[in-house]
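Have the viewer open while you read.

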Amino acid sequence: MPASFVAEVNLKIILLAALSLSAVFHTARAATTVQRNNALDSAQQAYESSDYPKAVQLLQAAVEQNPRDAQVHLFLAKTYFELQQHDAAIASAERAVALDPQSSLYHEWLGKAYGEKAGHAAMFSALSLAKKARREFEKAVELDERNFSAYQALIEFDCSAPGIAGGGEDKARPEIAKLAALDPAEGHYAEGNCRRQKKDNATAAAEFNKALELHPKSVELLYDIGDHAMKHDEPAMLLVVAEQGEHLVPSDPRALFYRAVAFILKNDDADQSERLLHEYLQRAPLRSTFPPPWRVHEWLGRLYEHQQKTQAATEEFEASLKLEPKNKYAREALKRLKKG
């Protein structure tokens with residue numbers, strides 16, 4: 001048998017083996033991708049329904065399958081953040097950053113995790129964590145200047161934190177100017193938020209109104225303005241926030257809450273206010289950026305008190321106080337109602 005024939009047969013065998021191995025590899029990789037996507041879909045569903053413990057379970061399993069998947073680590077950090085498990089949130093966010101240090105988003109979330117823990121830590125630990133938070137926000141902006149939420153976090157830090165923690169309004173002023181050049185609505189919001197940190201609420205409201213006139217593209221920015229309007233009894237601003245928020249993200253239930261609050265402040269359309277608040281309670285997730293149930297019960301109490309429905313108001317204020325024992329308004333309202 002000629003040597004050339006043997007060589008040709010061997011080459012065909014090698015090629016067939018290589019093709020078979022390649023097919024097996026691609027099939028396995030495709031199966032792994034499907035498995036990952038299914039796990040993430042299930043975790044997303046649990047997260048959206050506020051079942052954070054279940055989401056953590058699913059994401060931990062996904063991490064075990066692929067410990068170098070930075071997106072899964074970030075998702076885990078966000079979930080721990082909602083559970084207020086600060087150390088776990090930091091560890092997951094740090095891992096995401098280590099796996100992809102060029103991601104602006106990962107640095108932003110690591111900064112948020114450090115900042116949240118700083119807010120619950122003793123003074124010296126808080127200072128160290130605060131400095132870490134600022135470094136991460138600064139890095140996030142350095143990597144992507146159009147990461148406006150990171151930009152806002154950096155500006156808020158510098159406007160509110162003392163120099164000893166790395167903050168200072170002298171740092172915030174040029175940051176606000178740069179952000180305003182990139183997006184004027186974001187710039188007005190940043191200026192308003194900075195004034196809010198300094199307790200200059202009149203100037204803050206003026207800047208927030210200017211931001212609203214320019215129709216911000218961030219729903220989180222919009223509803224944060226809504227929080228300011230709610231706390232300072234500004235129904236006109238609340239109605240603008242609700243309208244723009246509903247247009248921007250129709251599925252977001254926060255428009256229901258802020259519209260209801262506006263009606264209550266105006267003492268207008270009580271039936272619709274009640275319906276909107278109950279619908280919000282049914283639809284809204286338990287999320288750090290959403291008005292919590294205790295706040296909704298407080299506003300239902302206010303509504304019923306306006307209507308002189310003493311028993312209903314008392315029940316709502318009690319429900320609010322049970323969920324948030326530090327709710328001063330509900331406590332004072334109950335005293336007022338019992339005296340009456």
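Which residues of α9 are buried? They are Ala-185, Glu-186, Gly-187, Tyr-189, Ala-190, Glu-191, Gly-192, Asn-193, Cys-194, Arg-195 and Arg-196, where buried means under 20% relative accessible area and exposed over 50%, with a 1.4 Å probe and protein chains only. That's eleven of its 14 residues, leaving α9 mostly covered. They pack against α7, α8, α10 and α11.

A word on ground rules: this is a predicted model, with local features needing pLDDT of at least 70, side-chain atom pairs counting only at pLDDT 80 or more, and totals for chains, interfaces and linings using all residues. Residues are numbered from 1 along each chain as its sequence is written, and side-chain values use heavy atoms, leaving out hydrogens and water.

Two helices, side by side (expected span is 1.5 Å times one less than the number of residues):

| Helix | Residues | Span | Expected |
|---|---|---|---|
| α9 | 184-197 | 20 Å | 20 Å |
| α16 | 310-323 | 20 Å | 20 Å |

In α16, the buried set is Ala-313, Thr-314, Glu-316, Phe-317 and Ser-320. They sit on the same side of α16 because they cover an arc of only 165° around the axis. Gln-311 and Lys-322, on the other side, are exposed. Cover for the buried residues includes α15 and α17.

Now for a helix pair. The axes of α2 (residues 52-65) and α3 (residues 70-82) come within 10 Å and cross at roughly 155°, which means α2 is roughly antiparallel to α3 (the cut-off is over 145 degrees). Residues in contact (heavy atoms within 4.5 Å) include Tyr-52 and Leu-59 of α2 and Phe-75 and Leu-76 of α3.

Technical notes
Helices (H or I, at least four residues) and strands (E, at least two) are DSSP runs, numbered from the N terminus. The arc is that of the directions from the helix axis to the C-beta atoms. Axes are lines fitted to C-alpha atoms, for helices over the stretch in contact, and angles run from 0 to 180 degrees between N-to-C directions. Angles under 35 degrees count as roughly parallel, over 145 as roughly antiparallel, 65 to 115 as roughly perpendicular and the rest as oblique.
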